[in-house]
Amino acid sequence: MPALDVPSAPTGSTPPPQSPATPPTVVGWLGYGGLIPFAALAVASAVAPEHLAWWSPALQSYGAVILSFVGALYWGFAMGLSDVPAAQRSALFAWSVVPSLLAWPALLVGGGVGSTLLIAGFAAHLVQDLRLVRKTALPAWYLPLRLRLTATACACLAVGAVSTVMSRG
């Protein structure tokens, strides 16, 4: 596979200073942009319940994909963090697949139960993030960003679940 060609900054130019507590611009755009489908589908579930047969599976499917993605972060951490002892590295690899293993049955059961499983998966992953930042040197912006993204994703999944349960009234 060819190497990714990333152009360097023009000579004489320096990137703007960035606070260690602020994620890189691209990370912010991608992270918060990734919340758009969550928010749009949660709002759609609440305001157009006649289409829940479409909104609910779409919201849960997106949630499952994103939960699997955040699990994969730990595979990357296991490979990339040089200061991690072998036992912790193995635990990081093992955890990296757990979110996918929670997301898949959530899709199979669907409805409020499926959304609850996804919310539990996101919450469990956040607990893992809290543990990880105590043991490794991650950027200062990582945990606050993960907290905001997780809270928003979980709130949107909860709105979708409540809309589903209420529609069965």
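Two residues are said to be in contact here when they have heavy atoms within 4.5 Å of each other. The model shown in these close-up views is a predicted one.

**View 1. F122 and the residues around it.** Leaving aside residues up to four places away in sequence, F122 touches F38, G63, I66, L67, V70, T150, C154 and L157. F122 also belongs to the largest nonpolar core, which has 34 residues, and it is one of the members that touch the most others, along with F38, Y74, F77, L92 and L118. At least two residues of this core come from each of helix 2, helix 3, helix 4, helix 5 and helix 6, and helix 3 gives the most, with ten residues. As a general background to this view, nonpolar side chains in soluble globular proteins tend to be buried together.

**View 2. The salt bridge between D129 and R146.** The side chains of D129 and R146 meet in a salt bridge, with a distance of 3.0 Å from N to O. The pair links distant parts of the chain, since D129 lies in helix 5 (residues 111–135) and R146 in helix 6 (residues 142–167), 17 residues apart. With a relative accessible area of 0%, D129 is buried, and R146 counts as buried too because its relative accessibility is 6%, where the cut-off for buried is under 20%. The count of salt bridges in the model comes to one. In general, side chains of opposite charge can pair when their charged atoms come close.

**View 3. S45 in helix 2.** S45 is found in helix 2, which covers residues 35–47, and S45 counts as buried because its relative accessibility is 1%. A polar atom of the S45 side chain lies 2.8 Å from the backbone oxygen of L41. When residues up to four places away in sequence are not counted, S45 touches L52, W55, G160 and S163.

**View 4. A nonpolar patch on the surface.** W75, M79, V97 and L101 form a nonpolar patch on the surface, and together these residues have about 430 Å² of accessible area. Helix 3 (52–80) and helix 4 (86–109) each supply at least two residues of the patch. V97, one of the patch residues, is found in helix 4, and V97 counts as partly exposed because its relative accessibility is 39%, a value that falls between the cut-offs of under 20% for buried and over 50% for exposed.

Notes
Residues numbered from 1 in each chain as written. Predicted model: local features only at pLDDT ≥ 70, side-chain atom pairs only at ≥ 80, totals over all residues. Heavy atoms only, no water. Helix = DSSP H or I, 4+ residues; strand = E, 2+ residues; numbered from the N terminus. Buried < 20%, exposed > 50% of the residue type's maximum accessible area, 1.4 Å probe, protein only. Polar contact = N/O pair within 3.5 Å; in protein donor to acceptor, adjacent residues only side chain to side chain. Patch = residues over 30% accessible without salt bridge, like charges linked within 9 Å, V, L, I, M, F, W, Y side chains within 5 Å. Areas by Shrake-Rupley, 256 points an atom, 1.4 Å probe, with all protein chains shown as cover. Salt bridge = Lys/Arg side-chain N within 4 Å of Asp/Glu carboxyl O. Core = buried A, V, L, I, M, F, W, Y, C linked by side-chain atoms within 4.5 Å.
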